[in-house]
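Work through these exercises with the structure open beside you. Try each task before you read its solution.

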Amino acid sequence: MNRRVFTLSFLASLMGAGVDLSTIPGLAQQGGMGGGNATGGVHKAIYDAEHRPITAGGFVKTGPVVFQNVAQQAGLTTFQHHMGTPQKTFIIEVPGSGVGLIDYDNDGWLDIYMVNGSTYKAMDSKEPAPRAALFHNNRDGTFTDVAEKAGVLNERWGFGVAVGDFDNDGWPDMYVTNFGKNRLYKNNHDGTFTDIGEKAGVALGNWSTGATWGDYNGDGLLDLFVPGYVHYDLNNPPIPGTKAVSYAFCNYRGVATMCGPRGLQGEPDHLFKNNGDGTFTDVSVEAGVSDPSKYYGFQGVFANFGNTGRMDLAVSDDSTPNYFYVNKGNGKFEDDSYASGFALNQDGRETATMGVAVADYDNDGWLDIATTDFSDDYYVLYHNDGQANFTDVSYQTGIARDTIPFLGWGVGFLDFDNDGWKDLLYVNGHVYPQVDQNNWGMSYAERPLLFKNLGGKKFDLMPAVEGTGLADVIVGRGAAFGDLFNDGKTAVVINVMDGHPVLLKNVYEDKNHWVLIKLIGGPKGPKDAIGASVYVTANGMRQRSDVMSGGSFLSTNDPRLHFGLGTAETIELVEIHWPSGAIEKVHLPAVDKVYTVEEGKGVIR
């Protein structure tokens, strides 16, 4: 038995015996550098030729140009994110906020919802509360903020957004997570929304993060999972040496920083069952997903990992083991976190997991998982070996080494060159402004990382060409991926801590083909088809893509499914596995188009 298998088997046995693994020294705290978020050891600083930290340098003069930041031209820079003070004294000031891609007016063009944070002064009504933005897509490359008219300003301490049609009326709704009460914005079909969060029973309180919609019980209605992060008290913040937290959890590499999350009380997770009448029931405990250990939850994703047709649940946890719940089909989940291989990395260590991306990167028909991590540790790529058994393949695939100095948040699979193989993009930025004052080879603002998929076996880091999007040095946080311009190219919208958004437009020149598919579910499944799996056969390969809500980091991606087709000018087969259980084969007559497919009716436009 190899070391990893023995470690996981041993930990699984402890967990089965009811042992809280977060209390075990060495599991709860690793790395020997104080509390904070770090889970790996101290690594040697890496600088470029101009002695810039590699996180804010390493640029090249020439090379392939993949992205350009067009946020200003698009009109997105009217939005300004705010979260706490520049010093980032407390942990509530550091995670940033997410992005939701939503076609709220059903015109066939994606709009953008930017979540905003808040400040202590705003919470005390001593200054105006920061506002969210809803950018309407003008279909000409520009966007107009209509948040006030739409009634979605939020004006609370905002973190995440999950988009889903919870009432099956054909119009997407939004769940916005906050510190304090969350909001459920019901779409009124006229360009406005109404917050029914409290009436619906999903407002909660304290600190919620990356929610996800999914029909876990197969009744055709979307249910809602909401992770909790830290139990936070604005009036008694975690100050080093107080009863709230010890000094040990308030430093990084021996330098004083904000405290946590280690040493702080966690917040439980919640699963809300959709009652079908506009209200929800909290079934967290009976379903087995309540997180009694109170790990620091960041992002949940419902997806069909086991190919059973049921929605399993993956949850990223910061500095504590990740959760993986297998849907048993009887209204309950089985906690397979350790047995599945998703709880820890290959070294048997928990990671500071922020973001989660889900896709079949090697075209073998099983959904894999990519996660982000803290600096001084590598980003993990979990390969699904079948039946939701995951193996950490980060080093084998070439992901691990280049990511160690970076601190990642948003993450997504995208086929930037439409060759039929899903690539990986990571959005980065540190949590401690203090790193800029130390020679650690790190920076507070960091550049994104794009890895090209080489046939599902390896990933190759794309060069950061000066003056392009991959050379943008930003304090990145939430990110959403989607075809904002309906041109077959996936763009990325990034919510920047205390800054203006970044819109990475895909300008990569290739002659490959593509198809974009929007699904409309039938009467026995969710109307927006969340949970559907689509298989496209073309160019000698069979690809899979799934409709999901929530992911990356505190964000929601394009609900439509994008397939790069390489040089293929025809599509051999499209097979749709609907959430209702129906399997349907449809014919798409041409490539380089956006199609809408309705369950039981085939292509309707």
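**Exercise 1. The whole chain**

Task: What percentage of the residues counts as buried, and how many helices and strands does the chain have?

Solution. Start with burial: 63% of the 605 residues count as buried. This is a predicted model. Next, take the secondary structure: there are nine helices and 38 strands. Then look at the dimensions. The C-alpha atoms fill a box of roughly 65 × 60 × 55 Å along the principal axes.

**Exercise 2. Contacts and charges**

Task: Among contacts with a separation of 6 or more, what share comes from residues 24 or more positions apart? How far apart are the mean positions of the positive and negative charges?

Solution. Take the contacts with a separation of 6 or more. Residues 24 or more positions apart account for 63% of them. Now the charges: the chain has 45 positive and 73 negative ones. Their mean positions are 1 Å apart.

**Exercise 3. The nonpolar cores**

Task: Which residues of the largest nonpolar core touch the most other members? Which strands each supply at least two residues of this core?

Solution. The largest core holds 37 residues. Those touching the most other members are L184, W213, I517, L519, V534, L565 and V574. At least two core residues come from each of β11 (223-226), β31 (513-520), β32 (533-538), β34 (561-566), β35 (573-577) and β37 (593-598).

Zoom in on V574. Leave out residues up to four places away in sequence; V574 then touches I517, V534, Y535, V536, E584, K585, V586 and L588. A second, separate core has 36 residues, including V94, F159, A352 and M354. In soluble globular proteins, nonpolar side chains tend to be buried together.

**Exercise 4. Backbone angles**

Task: Where is the cis peptide bond from G260 to P261 placed? N168 and L554 have positive phi; is each buried, partly exposed or exposed?

Solution. First, the peptide bond from G260 to P261 is cis, with omega near 5 degrees. P261 sits in the loop between β13 (255-256) and β14 (270-274).

Second, N168 is not a glycine, yet its phi is near 55 degrees. N168 lies in the loop between β6 (157-164) and β7 (173-179). Its relative accessible area is 24%, so N168 is partly exposed.

Third, L554 is not a glycine either, and its phi is about 60 degrees. L554 is in the loop between β33 (541-546) and β34. Buried means under 20%. L554 has a relative accessible area of 1%, so L554 is buried.

Conventions
Residues are numbered from 1 along each chain as its sequence is written. This is a predicted model: local features need pLDDT of at least 70, side-chain atom pairs count only at pLDDT 80 or more; totals for chains, interfaces and linings use all residues. Side-chain values use heavy atoms; hydrogens and water are left out. A nonpolar core is a set of buried Ala, Val, Leu, Ile, Met, Phe, Trp, Tyr and Cys residues joined through side-chain atoms within 4.5 Å. Buried means under 20% relative accessible area, exposed over 50%, partly exposed in between (1.4 Å probe, protein chains only). Helices (H or I, at least four residues) and strands (E, at least two) are DSSP runs, numbered from the N terminus. Contact means heavy atoms within 4.5 Å. Lys and Arg count as positive and Asp and Glu as negative; His and the chain ends are not counted. The place of a charge is taken as NZ of Lys, CZ of Arg, CG of Asp or CD of Glu.
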